[in-house]
Amino acid sequence: MSIPLTLTVNGERRDLVLEDPRVTLLDALRERLHLTGSKKGCDRGQCGACTVLVDGRRVNACLALAVSLDGASVETVEGLAKGDALHPVQAAFIAHDGFQCGFCTPGQIMSAVGLIREMREAGEEIDVERVREGMSGNLCRCGAYAGITEAVVDAARADSASETREKAA
Amino acid sequence: MPETAPRLRQGAGNVGSIGEPLTRREGPLKVTGQARFSADNLPPGTLHAALCTARIARGRVTALDVAAAERHPGVVAVMTPDNAPRLAKDPDAKDGPFTFRLDLLQNASVRYANQPVAVVIAETLEAATEGARLLAPRYEAEAPRIGLDAEAPFKPPGVGIGQPPDEGHGDVEAGLAAAAQRIEAVYETPAQYHNAMEPHAAVAAWDGDRLTLHTPSQGLTAAVGRLAGLFGIPPKNIRIESPYLGGGFGSKGVISGPQVLACMAARLVGRPVKLVARRENMYGPMGHRAETRQTLRLGADGAGKLTALDHHTLTASSRFDDFFEPAGGVSHTLYATPNLSVRHSGVRVDTGTPLFMRAPGEATGSAALESAIDEMAIACGMDPLEFRLVNYAEVEPISGRPFSSKALRACYEQGAARFGWEKRPREPRQMRDADGFLVGWGLGTATFPALMFEAQASAELRADGSGTMVIGAQDMGQGAWTALAQIAADGLGIDIDRLTFEIGSSTMPSGGIAGGSAHTATAGGAIHAAGQAVIAELAQIATTDPASPLYGAGNAGVIARAGRLIRRDDESRSESVGEILGRAGRDRITGTGKASADPAAQKSYAMHAHGAVFAEVKVDPDLGQIRVSRLVGAFAAGRVINPRLVQSQYFGGMIWGLSFALHEHAALDPRTGRFLNDNLAEYHVPVNADTPEMEAILVHEDDPHVNALGVKGVGEIGITGTAGAIANAVWHATGVRVRELPITLDRLLG
């Protein structure tokens, strides 16, 4: 069985032929496209290490079958930085020590990017408790939550400030 | 070390020196997804493997439908006891305290649930996974023994790694008889599983009798030794790459069965094999923290001074191997008493063998002891902090040795001040918040020994002022990439941006074990020594060269800083590494160093880190729901290499303590011995929203005895103290003492 499939991954068109309909988006990214930034911690949607954005929305890539996403746009942690310039969320995670081992980090960061967009689109105020709740689908066993929360709040405030500037301009 | 070796002024003047709060050196790789964890490797031609695991806890496999699996498209081979490569060494043979028995398909027996009983190797992960399902094992099952009442307890030969099961002094019964106040209480802690976010992964490739293995390891040298023994090949034929561990917490301290099975599978099929444990595969063959039932008997005189402390632990090891949780160890250390008895008993159960898990012994023991101390303080009508100060141990209770350093009083003082402890009402159920929730405050004392293993490092300093330090150290998130690099840069007297730093491969000098909170002291000590060796040779060249401005200064008369040697008594006289080496006609100096515990110092001093953790909880008076709303920890652990990373270690440890108190609990069905919650949705660990406001105070502590760097280690101490503090805060909020952890709302309301 071969199933042709097209994804836009980090802005780049990727054509795949899957030999198996059981391939998850996560395994397609990791084992077929060799984008190993997204991590597998549980393979059943419980830990969030595989979080990516599909058409702008946060998704556990381990729970999505790749064949169901033909034509979708996927953003992964590999697509955030522009050359050597880190995405503001990435920079904030380093500055606030929002990780230790780093294994959950790609999922945390993609979840943060998604959450900041969600809050922006809903016109929500940036609130620490809202961020804690919104980031609670991403487990961190090292317990770097304090730094994660600070990083996301900081990046969200910077995002909000830039939005205000854009509107003013 | 030569007698004339220069004494380095650590932390003085290099960019990135010891003490600076640098961000993580590998941070950019981790936030961009470029840090290559073991499972991210996929050598050409790699096959994928999946485990088929036992659904019984005791018995044997009688049949596997190998034909069905082999018929599945993409399946290349099925490895069972019938065809698994024979090993050069019985995996049940023990050759040291760190050797644990492994289940490697050498027979059909089943010793615990989730034990691997076959491995399916396929062209794709999907085919391997389905093939493993198709094996549909049949069993001859025996009734399992599960739980602490499974059999009559016995006296284990040792607890932890070779510690005696029973220790003490004085006469506890007499001390209890003489007491004005007595308490006796039984505390239970459940089995817990490490659950590092990164499942154990192994990507193995053979070239003849040479093995290359990408796998996370907290102890590369020991892992190589274990594999060399099992496969009957020289250690030099094995290369393990482990630059990043996605957490370890002890579970990657020894190589586990599934990691070895990946190597066997690769040998069987003659191609590279990638085997990544599924989450549920990690509940069995990778160790866990064993359950305990701890009975504490305490007596105190009219002034609140302890007259006796009896700490008995009942715990469980597996039916086939020994690891007995050394829960009583904290009672060796924390409180002064003339009569002390610390005892352990064990039973054997049909689970995987327990293992060291973050603060093994101290975490379980401290949860019980700190609750008991709270109960004793209450019985004496004393404030829990006052009670602890009255019973402050000026020397180590079990040994009578002085502490190499102990700033615990400062921890109590600074923590209490920051938390506002003085406003705490003595009686429970006195405080409510604006929403009507009951508020309680609790305290726990934290402690963890300052251990030291053995390590070597090699160093190079080049004429261009750059340097290299190489050590097979391991970073599982604690910050070795950064903190050890800071020690290396200072050791070589260069700025950190001139340093090439390499860790995480078994081809490097042994970095020892990343465990026991000893890695910075041990690997850092070797790095420091290697730097010293290089600088000693450089100083020898400079100070004996009449053309050098340092001529005649003597080795001890110079210091190394920012790529220069500087005269200690006249800093205007200095010379660059390049100038010194240039005249000597050399382009580099290399050196090696090693570190291990100093037996004389260890004999003379008790070495422990200490801390005090203050917790606030809020409890819904109707529903019993508990939230930790505030945690303040004050810790003294010798010299701080990097305060940013140390704070993160304390936070992480305190969250583990919170998890211990309120969340974690591995549930087994006693009839089948199978897990009820071997997944991350039902085995609860804290999520972000469970985590309170936290503060960690880094209390100053100088320790001239503990080791060359004065470092005690910070990775585990945060758990200790915290679980007890939260349990005590729950009592203070509600007046209900829950002695069975985790404290869940049913236990609180029940």
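Close-up 1. B:R561 stands opposite B:R564, a residue of β22(B). The model is predicted; local features need pLDDT of at least 70, side-chain atom pairs count only at pLDDT 80 or more, and totals for chains, interfaces and linings use all residues. Residues are numbered from 1 along each chain as its sequence is written, and chains are lettered from A and ligands numbered from 1 in the order in which they are written. β21(B) and β22 (residues 564–567) of chain B run antiparallel and are joined by 4 bridges. Strands pair if DSSP finds at least two bridges between them. Strands (E, at least two residues) and helices (H or I, at least four) are DSSP runs, numbered from the N terminus.

**Close-up 2. The open sheet of chain B.** The sheet has 3 strands in the order β21-β22-β23 (chain B), with antiparallel pairing. Its edge strands, each pairing on one side only, are β21 (558–561) and β23 (574–576) of chain B. From one strand to the next the twist averages 20°. Axes are lines fitted to C-alpha atoms, for helices over the stretch in contact, and angles run from 0 to 180 degrees between N-to-C directions.

**Close-up 3. Helices lying across the sheet.** Helix α12 (residues 519–543) of chain B lies across β21, β22 and β23 of chain B and runs at about 125° to β21(B). Helix α13 (residues 577–584) of chain B lies across β22 and β23 of chain B, at about 75° to β23(B). Residues are in contact if their C-beta atoms, placed from the backbone, lie within 7 Å.

**Close-up 4. Domain 1 against domain 3 in chain B.** Domain bounds come from an automatic or database domain assignment, which for chain B gives domain 1 (27–34 + 452–596), domain 2 (38–142 + 200–276) and domain 3 (288–451 + 603–749). The centres of domains 1 and 3 of chain B, taken over C-alpha atoms, are separated by 38 Å. In chain B, 17 residues of domain 1 are in contact with 17 residues of domain 3. On the side of domain 1 of chain B that touches domain 3 of chain B, α11 (480–492) and α12 of chain B each supply at least two residues. α12(B) gives the most to that side, with 5 residues.

**Close-up 5. Chain B against chain A.** In this view, 44 residues of chain B are in contact with 48 residues of chain A. Of the side of chain B that touches chain A, α15(B) supplies the largest share, 6 residues.

Technical notes. Contact = placed C-beta atoms within 7 Å.
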